[in-house]
Amino acid sequence: MEAAQAQWLKVHPLVVRVTHWINAFGILIMVASGWRIYNASPLFPFRIPSELTLGGWLAGALQWHFAAMWLLVINGIVYLSYGIVSGHFRRKLFPLTPGAVFRDVLGALRGKLAHEDLTVYNAAQRAAYLAIILCALVLVLSGLAIWKPVQMQELTALFGGYESARVVHFLAMALLVLIVVVHVVMVILVPRTFPTMFSGRARRAS
Amino acid sequence: MKKRTMETSLAGHSPKLIRSIERRLFLKQGLSLGALAMLSGCELTDDEGVQSLLMGMSRWNDRVQGWLFNPNKLAPEYPESAITKPFPFNAYYGEDEVRLVDGKSYKLELSGLIRDQKPWTLPELYALPQTSQITRHICIEGWSAIGKWSGVRFSDFLARIGADTTAKYIGFECADDYTTSIDMATALHPQTLLTFRFGDQILPPKYGFPMKLRMPTKLGFKNPKHITAMEVTNEYPGGYWEDQGYNWYSGS
């Protein structure tokens, strides 16, 4: 029995796993409905194909967007509080130096990034996960600035006004989607990371 | 605008699209929506469940926006140089279908919880003390434009006609068959104006002759044009877009 247990390593705490999947679902809803809202009055000279959007028309998309925002924000508060209070962020995301990020991103591009120990994030992962958190924060704040440009006009002014807050909201979405795409590609390349996001544990590399 | 017509025609497709997207999202959606559904006690198995969940969240967002509304917080005002030219036309129909109202026979009808329900003619309305504002009009579609409107402060008008300002809603009917309704707190906001002028001219037909209720604290579609009747009431009046799913409060 003890020998069997020794084969397993704890990789992801329960709170991280649950909030990860709620977040994945919430982001999917927010992005797909956001794309439909974007199409009602595109900021740039392109539209998002309707098949990729959620809501059917503007009112439906807005309903999804303004319902899922609660899920995302409440889930985000739980995740951030846990990450800060438990020391999860300090342990897993730091230390982080630009040199290490550069080295590991280069290694990943050459397909030579060591990924033996799933309990430790490499510098490329640390940078990506931190960037996702920052993107989400900017998305929530710029979203509030667009939603409440009168009641929260100080926040809107911080983004340079209503119209620039829209641009920031869009760019933060684009960066977040890019990171998520890379994240999913990496999971496909290192598939044994996938079940650990459900079970929380991984077999010890022998 | 053409956009409007397109969006309206898409309205009928929404349940089908939602169904196909639901299939795609399947397990993940089932799990998390299940958690959400527990909050409002909705069945998730059919589209009606999803619909009522979303409508429930929209009603919740009405309430949250009511709490967030600070009656003393003023919308930013801009200099004349910031005015958007040309100011975009927007309605649920195209610009070639703008209704022409005859100013001579025009009367504003009053009903509901109002003491003095005598209808108002345009010369009577024009004779009231006027004020103006240069504010940003924000459309629910996302675009915005800055314009200048002048008219009577709505709270002064409500006081003059003896409206019951403890009532919940004010509903509006317009010459173009548009309807909408607002909360009393917004009606009493100092920047809520019953306007008769746009820029330096009498409100032209495409911007709502003879009058538009201008509220910089609400999205554009909540600002009714060509108003012919208003009612003070405690019964939720709804509105043209609101009945199709736009958030009722839609505050800025």
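Student: What makes helix H3 (residues 58-85) of chain A and H3(B) roughly perpendicular to each other?

Tutor: Their packing angle is about 70 degrees, and their axes are 9 Å apart. Angles of 65 to 115 degrees count as roughly perpendicular, those under 35 as roughly parallel, those over 145 as roughly antiparallel and the rest as oblique. H3(A) and H3(B) are therefore roughly perpendicular. The axes are lines fitted to C-alpha atoms, for helices over the stretch in contact, with angles from 0 to 180 degrees between N-to-C directions. This is a predicted model, in which local features need pLDDT of at least 70 and side-chain atom pairs count only at pLDDT 80 or more, while totals for chains, interfaces and linings use all residues. Residues are numbered from 1 along each chain as its sequence is written, and chains are lettered from A and ligands numbered from 1 in the order in which they are written.

Student: Which hand does the crossing of H3(A) and H3(B) have, and which residues make the contact?

Tutor: The crossing is left-handed; that term applies if the near helix is turned anticlockwise from the far one by less than a right angle, and right-handed applies if it is turned clockwise. H3(A) contributes Gln63(A), Trp64(A), Phe66(A) and Ala67(A), and H3(B) contributes Leu54(B), Met57(B), Ser58(B) and Asn61(B). Contact here is a matter of C-beta atoms, placed from the backbone, lying within 7 Å of each other. By class, the residues of this contact are 5 nonpolar, 3 polar and no charged. Ala, Val, Leu, Ile, Met, Phe, Trp, Tyr, Cys and Pro are counted as nonpolar, Asp, Glu, Lys and Arg as charged, and the others, Gly among them, as polar.

Student: How do you know how H6(A) runs relative to helix H8 (residues 162-189) of chain A?

Tutor: They pack at an angle of about 155 degrees, with axes 9 Å apart. That value is over 145, so H6(A) is roughly antiparallel to H8(A). H6(A) passes H8(A) in a left-handed crossing. The meeting residues include Ala128(A), Ile132(A) and Cys135(A) from H6(A), and Ala172(A), Leu176(A) and Ile179(A) from H8(A). This contact has 18 nonpolar, 4 polar and 1 charged residues.

Student: Why is Cys135(A) called buried?

Tutor: A residue is buried if 20 or more other C-beta atoms lie within 10 Å of its own, exposed if 12 or fewer, and partly exposed in between, with C-beta atoms placed from the backbone. Cys135(A) has 21, so it is buried. The residue sits in helix H6 (residues 123-147) of chain A. Apart from neighbours within four places in sequence, Cys135(A) is in contact with Ala172(A), Leu175(A), Leu176(A) and Ile179(A).

Student: What places Asp177(B) and His226(B) in the classes buried or exposed?

Tutor: Asp177(B) has 12 C-beta neighbours inside 10 Å, so it meets the limit of 12 or fewer and counts as exposed. His226(B) has 25, so it passes the limit of 20 and counts as buried.

Student: Where are peptide bonds cis in chain B?

Tutor: One joins Lys85(B) and Pro86(B), with omega about -5 degrees. Another joins Phe209(B) and Pro210(B), with omega about 5 degrees. Pro86(B) is in the loop between helix H3 (47-68) and strand S1 (109-112), and Pro210(B) in the loop between strand S7 (201-202) and strand S8 (212-214).

Student: How do you know what span to expect of helix H5 (residues 98-109) of chain A?

Tutor: The expected span is 1.5 Å times one less than the number of residues. H5(A) has 12 residues and reaches 16 Å from its first C-alpha to its last, close to the 16 Å expected. Just after H5(A), Gly111(A) has a positive phi of about 70 degrees.

Definitions and conventions
Helices (H or I, at least four residues) and strands (E, at least two) are DSSP runs, numbered from the N terminus. Two residues are in contact if their C-beta atoms, placed from the backbone, lie within 7 Å.
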